[in-house]
Amino acid sequence: MTQAAPLTEIWRGPRAESVHLGHAVICDAGGAIVEAWGNPSETILPRSSCKMLQALPLLTSGAADAHGLTSEQLALSCASHNGAAIHTERVNRWLSDLGLTDDDLRCGAHDPQDKEAHKALLCSGTAPCQVHNNCSGKHAGFLTLNRHLGGSAEYVEPGHVVQKAVLEAFEEATGETSPYYGIDGCSAPNHASSLHGMARAMARFAGASENGDATERASVRLWQAMVAHPELVAGEGRACTELMRACSEPVALKTGAEAFFIAILPRRKLGVALKIADGGTRGAECAIASILVRLGVLDPEHPAARKYRNAPIVNWRGIETGMIRPAATLA
């Protein structure tokens, strides 16, 4: 099948009102496809779902250990965080340890998604800083790697030594030559691959050994940091955080803009990548939760699972009017 497949449905009354089409791949540690929906060869931009790939050179170069980075900082390097105090305080300390400030970041500023942090800025009349950017942890990782490599200040430029290291790691993990890149919301290059390539990369993380080569050891440290600190990877109320907490075994999850999602299942040595064609986040969250249920690592009756799949849609009067649920192919 080369066309996008139905993955998520929105029901109102007795029939589906809307359908989210997409592509999804489950890979084993050898890179073989275990199960797929839609087109595994679809070329995609993984957006923030590939942050653990972008963080690999931070570890393999020796920069992380040279600067004594903690598992919390490694989790933040893979994060798309809410900009809550637990995120910004840690990133600010990280920058301070490097002798840097918010001005050294190149991710840009936006309002924090965290309600309390947003309210505090509004009440104080303070503009958001770059540290509030959901990618500030990734960029602190870039700055740490840049310090180690002795690069120039403009570390997000595609030809910069930092981004060259990221591209090399990305292509090695996906097993593909990236055909192109786009500039992400945080100004860093985001490299394209096939969906199969991203699932293969996630499966390599899942199958990596602490006794393996430098890339394998780095992969293990990154997914372990994500699983140990789900609140730093995203934040309260977010699918990544809630579903990682809900899984019955260690599973690292990461969303990306335009409805991308990955999963790393170390005990099963499986990697998952999915893309909803229309960019609808609700479709991606339902689909990834449904795949986790299908793989037996998420109880379908867990409140977090019920929030994202088979979840009631309620109108302004509190009346249940419909449901968001997996398509028959995922159910």
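Guide: Helices (H or I, at least four residues) and strands (E, at least two) are DSSP runs, numbered from the N terminus, and contact means heavy atoms within 4.5 Å. This is a predicted model, in which local features need pLDDT of at least 70 and side-chain atom pairs count only at pLDDT 80 or more, while totals for chains, interfaces and linings use all residues. Residues are numbered from 1 along each chain as its sequence is written, and side-chain values use heavy atoms, with hydrogens and water left out.

Visitor: What covers the buried residues of helix H12?

Guide: A residue is buried under 20% relative accessible area, exposed over 50% and partly exposed in between (1.4 Å probe, protein chains only). Helix H12 spans residues 239–246, and because seven of its eight residues are buried, the helix is largely enclosed by the rest of the structure. The buried residues are Ala 239, Cys 240, Thr 241, Glu 242, Leu 243, Met 244 and Ala 246, and their cover includes helices H10 (214–228), H11 (230–233), H13 (281–294) and H14, together with strands E8 and E9.

Visitor: Which residues of the largest nonpolar core touch the most other members?

Guide: In soluble globular proteins, nonpolar side chains tend to be buried together. A nonpolar core is a set of buried Ala, Val, Leu, Ile, Met, Phe, Trp, Tyr and Cys residues joined through side-chain atoms within 4.5 Å. Here the largest core has 98 residues, of which Leu 53, Met 198, Leu 243, Leu 253, Leu 274 and Ile 291 touch the most other members. Helix H9 (residues 195–207) gives this core its largest share, eight residues. With neighbours within four places in sequence left aside, Ile 291 is in contact with Ala 24, Ile 26, Trp 37, Val 272, Leu 274 and Leu 330.

Visitor: With which strand does E1 pair, and over how many bridges?

Guide: Two strands pair if DSSP finds at least two bridges between them. Strand E1 (residues 5–12) pairs with strand E2 (residues 15–28) in the antiparallel sense over seven bridges, and Glu 9 has Val 19 in E2 as its bridge partner. The two strands form a hairpin with two residues between them, and Gly 13 in the turn has a positive phi of about 70 degrees. E2 also pairs in the antiparallel sense with strand E10 (residues 270–276) over seven bridges, where Gly 22 stands opposite Ile 276, and with strand E3 (residues 33–37) over four bridges, where Val 25 stands opposite Ala 36. The hairpin of E2 and E3 has four residues between its strands, and Gly 31 in that turn has a positive phi of about 95 degrees.

Visitor: Where is Glu 258 placed?

Guide: Glu 258 lies in the loop between strands E8 (252–256) and E9 (260–265). Most residues other than glycine have a negative phi. Glu 258, however, has a positive phi near 60 degrees, and this residue is partly exposed, with a relative accessible area of 45%. Asn 310, in the loop between helix H14 (303–308) and strand E11 (311–314), also has a positive phi, near 55 degrees, and is partly exposed at 22%.

Visitor: Is Ser 48 buried or exposed?

Guide: Ser 48 is buried, with a relative accessible area of 9%, and has its place in the loop between strand E4 (43–44) and helix H1 (51–54). Apart from neighbours within four places in sequence, its contacts are Ser 80, Cys 135, Asp 184, Lys 254, Thr 255, Gly 256 and Ala 257.
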